[in-house]
Amino acid sequence: MAISIKIKELRASLPQGVKLVAVSKFHPAEAITEAYNAGQRTFGESRVQELLAKYEALPKDIEWQMIGHLQTNKVRQIVPFVSLIQSVDSVRLAGCINREAERIGRVVDILLEIHVAQEESKTGWKYDELLLFLQSQEFKALKNIRVRGVMGMATNTDDEAVIRADFECLASHYNELKSHFGEEFDTLSMGMSDDYELAVECGSTMVRIGSSIFGNREY
Ligand SMILES: *Cc1c(COP(=O)(O)O)cnc(C)c1O
C-alpha cells in the first residue's frame with residue numbers, strides 16, 4: 001500500500017495526544033519524501049551516518065529523532081540538529097550528550113530507555129539503577145539535557161499477555177517518574193508496527209512505526 005495512505009490511516013486511527021514517529025531507517029530519502037508530502041514531519045532513525053545523510057538531503061523542518069543505540073563518540077555529530085534522543089540508557093551517554101549540548105549552547109530533549117523485555121539483549125536501564133542515577137548529584141548537574149519521558153520495547157513474542165505486562169510495567173515506571181519531574185515530562189514512547197495498538201491501550205503517548213508504513217527493511 002502507498003506510504004501516503006498508510007500515514008493518513010495511522011494518523012486517523014491514533015487517539016489525540018499520541019504522536020506518530022515514522023521509523024525510516026534503511027529506507028531511502030524518496031520514501032521519506034512521500035511520507036513528508038502526506039504531512040508527516042517526525043522521523044526516527046537508528047544509525048548516526050544514515051541520520052546525518054538524510055538530515056543533509058531532506059527539508060529542514062523535519063524533526064529527526066534518534067531511536068537506536070547511540071555510541072558516545074557519535075553524539076557530537078547529531079546534537080546540533082536532533083530533536084529528541086530516545087535511547088539514553090547510561091550515565092556515560094547522558095553525560096556526553098549534556099557536554100556536547102553545553103558546548104554549542106543547546107538544551108537537548110531526551111528519553112530514558114528502560115529495559116523491561118525478557119530478552120537479555122535488549123538495551124536500556126534497569127529501573128532500580130535508573131532511580132539511583134536520577135537521585136544523584138551527577139544527574140542534577142546535567143543542565144543541557146531535558147528529560148521528556150521514557151522509552152521502551154516489549155518482549156518479542158506472540159503472547160499478548162506478556163506484551164501487555166511489559167507495556168504496563170513501562171507505564172507504571174513512567175507514572176512514578178512523572179510525579180518527580182512534572183509538566184515537561186510528558187512522553188511515554190512505546191509501541192511499534194506489531195504492537196502499537198496494545199501500547200496505546202496501555203497509555204503510550206508516542207508510537208514508533210516503521211514497517212507498516214514503509215514496508216519491510218532490507219538490511
Ligand atoms: C526499528 C525500530 C522501530 C520500528 O519497528 P517496526 O516494527 O518496523 O515498526 C521502533 N523502535 C525502535 C527502537 C526500532 O529500532
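A cavity is here a set of points, on a 1 Å grid over the protein atoms alone, where a 1.4 Å probe fits but cannot get out, and lining residues have an atom within 4 Å of a point. The structure is a predicted model, in which local features need pLDDT of at least 70, side-chain atom pairs count only at pLDDT 80 or more, and totals for chains, interfaces and linings use all residues. Residues are numbered from 1 along each chain as its sequence is written, and side-chain values use heavy atoms, with hydrogens and water left out.

The volume of the largest cavity is about 40 Å³, a volume being the space filled by probe spheres set on grid points joined across faces, edges and corners. Its lining comprises four nonpolar, three polar and two charged residues; Ala, Val, Leu, Ile, Met, Phe, Trp, Tyr, Cys and Pro count as nonpolar, Asp, Glu, Lys and Arg as charged, and the others, Gly among them, as polar.

The largest pocket (an open set of points with protein on both sides within 12 Å along at least five of seven lines) holds about 530 Å³ of space. Of its 23 lining residues, Met153, Met192, Ser193, Asp195 and Arg217 lie nearest the centre. The lining divides into eight nonpolar, eight polar and seven charged residues.

Residues near the ligand (a heavy atom within 4 Å) include Val23, Ile67, Met153, Met192 and Arg217. Polar contacts are pairs of N or O atoms within 3.5 Å. A ligand oxygen lies 2.7 Å from a side-chain N or O atom of Lys25, and a ligand nitrogen lies 2.8 Å from a side-chain N or O atom of Arg208. At Gly210, a polar backbone atom is 2.8 Å from a ligand oxygen.

Definitions and conventions:
A polar contact is a pair of N or O atoms within 3.5 Å; within protein, one must be able to donate a hydrogen and the other to accept it, and residues adjacent in sequence count only if both atoms are side-chain atoms.
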